[in-house]
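Visitor: Please show me the structure, and then I will ask about it piece by piece.

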Amino acid sequence: MGGHRRLRVALLAGVLAAGVIASPSFGKGSAAPGSAGCDWPMFGQNPARTFSTACPLAPSVSDVSRLLPRWYFHANDVITASPAVVGGTVYVGAWDGEFYALDLRTGKVVWQTTLGRHRTDGHLDHHQGSYGTITSSAAVATVGGHRMVFVGAGDSMYALDGSRRHLQDRRRVIWSVNLDPRHPTNDGEVESSPVVWSGAPGGPVVIFGSDANQDSGYVGEGMWELRAATGQVVWHFNPETYTHHALYGCGNVWSSPALSLDPSAGDPARRAMLYFGTADCPNNSGSPCPPDGSDLRCPRGGHYNYANRWTWLSQAMIGMSAVTGKPVWSYQPFPRNDISDDDFGASAQLFTLPSGEQVVGEANKSGHYYVVDRHTGKLLWNRAETGSGNLQSGFALGGLLGATAVLPVAGRPDVFGSGAINTPVYFDEVAGEEKLQPTRNVLDLATPMVGFSGTTGRRVWAQVQAPTYGPTTAANGVVYSGATDDVLRAYNAATGALLWAFPLTAPVSSGAAITAGSLVVGAGTSDSDVEFKTCDNLPAPVQGPCKATPLSATLNPLSKANGIWAFSLPGGPQQ
């Protein structure tokens, strides 16, 4: 079996330069790509961020094993963003700032534009970030009768014209908003993927988070709401300024917000609610206050006092009014001034328990999954589902970094996800020393892919798989997960049985977008959390070269296969 796999990888690598791989067409009479109800218009597929679709024509347990590559599009840099698929067009960006609209049938470019630091007009963004220029996944929506595409690049949110194929590049960008123009080259970064609220008072809005990447003094951290048509700021929620704190770097949001609408709610502020998690609260002891006086609570010439950095919104799950931009509740599982680095990076997701109770579920880098009441934030249960990877103080590289998927199985909501790099030891912050992981976590080193009950957290199944940083997605009884061993896999949601696997010749941190009879996924991974934090601990002169070394080139000689893959069923989906 291993020999066949190596041969298969070699054959695939040989045809990558051709750009498009031939495969069976969508069958006559079958649903065409972009069929009504089978689009994948945003990260997580829907505003509840379930990372699943009810599309009845998605590959099923009975036919997913017949998936074959339809085409491959080569990109010049890695693609960790998850594709959006709307109306037969695939939308996704790469780390070098190139954003692509591709034909779902052929893989050919419909249009392409450059965002971020390499753009040549007034929509340039010079922010350095810590990862690629585009790690945010696009959201596609109709605004004012026109298709618009919203995506983060650098530390800006961009709105692109998606309605016209032939358009001068200078007109492709409708608007962009730089979140910290006063500091145009800092590490601020929009890794969060936007959600569009079409029925917002005053017109549609786009909502997303922003991350300082553990730096202090960044004014753009937190959550933003902009007018979809113009980019006008409706509100900006910064967890630190909201609580009258200095900008320690404890208000970062790199997860993607979930949105729920309840027009019948008695409180107008609760008729549209956002749910998201905040990142870790680093201890950057000795950092100087910004010399330009931009942090009003840290005067020039002073230093940040990190003993005062913690708030009730630090490293927490938050329920917030999308109307007012103010928090309604927070659930905080960590002690004051925690430095475990256990960010809530996996997106919050909304589902309903068999009892009828509406809940929010979210995972973090501790490997735990938490379920709280959607209206109050009260904890219902939490459970360690994978190992943590807390290798040393303030340095976590495991747990559930990629978003989980929620899919009904036998009438119950089950959750599916895969852990990142878990380690046999963890750093005990209280004892101040490394200890062996509990027995279950050691076993999780080999079985990071899990399915568990959304009602209780009880493990349903676990599978051997390489670690992953990407989201899990699901449809029609099938769960999809790409991993750092370059393989995209499909599992039976009910049993965990492996149904299909395909080598993409590049580490996978993108989530598969599932549509009628097909799926699309990005390939390539670079500058992982491990490299990022390892490089930051090196002497300053070598940090840059260290961060410029891709994970993929280090571990995989075939890693230049950055791009987008599309798979389809022979003859189209089974009816």
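Visitor: Which residues does Phe567 touch, not counting residues up to four places away in sequence?
Guide: This is a predicted model, in which local features need pLDDT of at least 70, side-chain atom pairs count only at pLDDT 80 or more, and totals for chains, interfaces and linings use all residues. Residues are numbered from 1 along each chain as its sequence is written, and side-chain values use heavy atoms, with hydrogens and water left out. Contact means heavy atoms within 4.5 Å. By that rule the partners of Phe567 are Leu67, Leu68, Pro69, Arg70, Leu488, Trp500, Phe502, Leu504, Gly517, Ser518, Leu519 and Val521.

Visitor: How many residues has the largest nonpolar core?
Guide: A nonpolar core is a set of buried Ala, Val, Leu, Ile, Met, Phe, Trp, Tyr and Cys residues joined through side-chain atoms within 4.5 Å. Buried means under 20% relative accessible area, exposed over 50%, and partly exposed in between (1.4 Å probe, protein chains only). Tyr480, Leu504 and Phe567 have the most contacts inside the largest core, and its residues number 44.

Visitor: How many residues are in another core that lies apart from it?
Guide: Among the members of this other core are Ala141, Met223, Val253 and Ile318. The core has 37 residues.

Visitor: What is the bridge partner of Ile318 in S18?
Guide: Strands (E, at least two residues) and helices (H or I, at least four) are DSSP runs, numbered from the N terminus. Two strands pair if DSSP finds at least two bridges between them; strand S17 (residues 317-321) and strand S18 (residues 327-331) run antiparallel and are joined by 4. In S18, Ile318 is bridged to Ser330.

Visitor: Which residue takes a positive phi in the hairpin of S17 and S18?
Guide: This hairpin has 5 residues between the strands. The residue with a phi near 75° is Gly325.

Visitor: Is the pair of Tyr304 and Tyr306 stacked, edge-to-face or tilted?
Guide: Rings of Phe, Tyr and Trp (its six-membered ring) pair if their centres lie within 6.5 Å; planes under 30 degrees apart count as stacked, over 60 as edge-to-face and the rest as tilted. The count by this rule is 25 aromatic pairs. For Tyr304 and Tyr306 the ring centres are 6.0 Å apart and the planes are at 55°, so the pair is tilted.

Visitor: Which residues form one aromatic cluster with Trp500?
Guide: A pair of aromatic rings is described by the distance of the centres and the angle of the planes. The cluster that holds Trp500 also holds Tyr72, Phe502, Trp565 and Phe567.

Visitor: Is the disulfide of Cys38 and Cys55 left-handed or right-handed?
Guide: A disulfide is a pair of cysteine sulfur atoms within 2.5 Å, and the whole structure has 2 of them. Cys38 and Cys55 are joined with S to S 2.0 Å, and both are buried. The torsion about their S-S bond is about 85°, so the disulfide is right-handed.

Visitor: Is the disulfide of Cys289 and Cys298 left-handed or right-handed?
Guide: Cys289 is joined to Cys298 with S to S 1.7 Å. Cys289 counts as buried at 5% relative accessibility, and Cys298 is buried with a relative accessible area of 3%. The torsion about the S-S bond is about -65°, so this disulfide is left-handed.

Visitor: Is Leu124 buried, exposed or partly exposed?
Guide: Leu124 sits in the loop between strand S6 (109-114) and strand S7 (139-143). Leaving aside neighbours within four places in sequence, Leu124 is in contact with Gly116, Arg117, His118, Arg119 and Tyr158. Its relative accessibility is 31%, so Leu124 counts as partly exposed.
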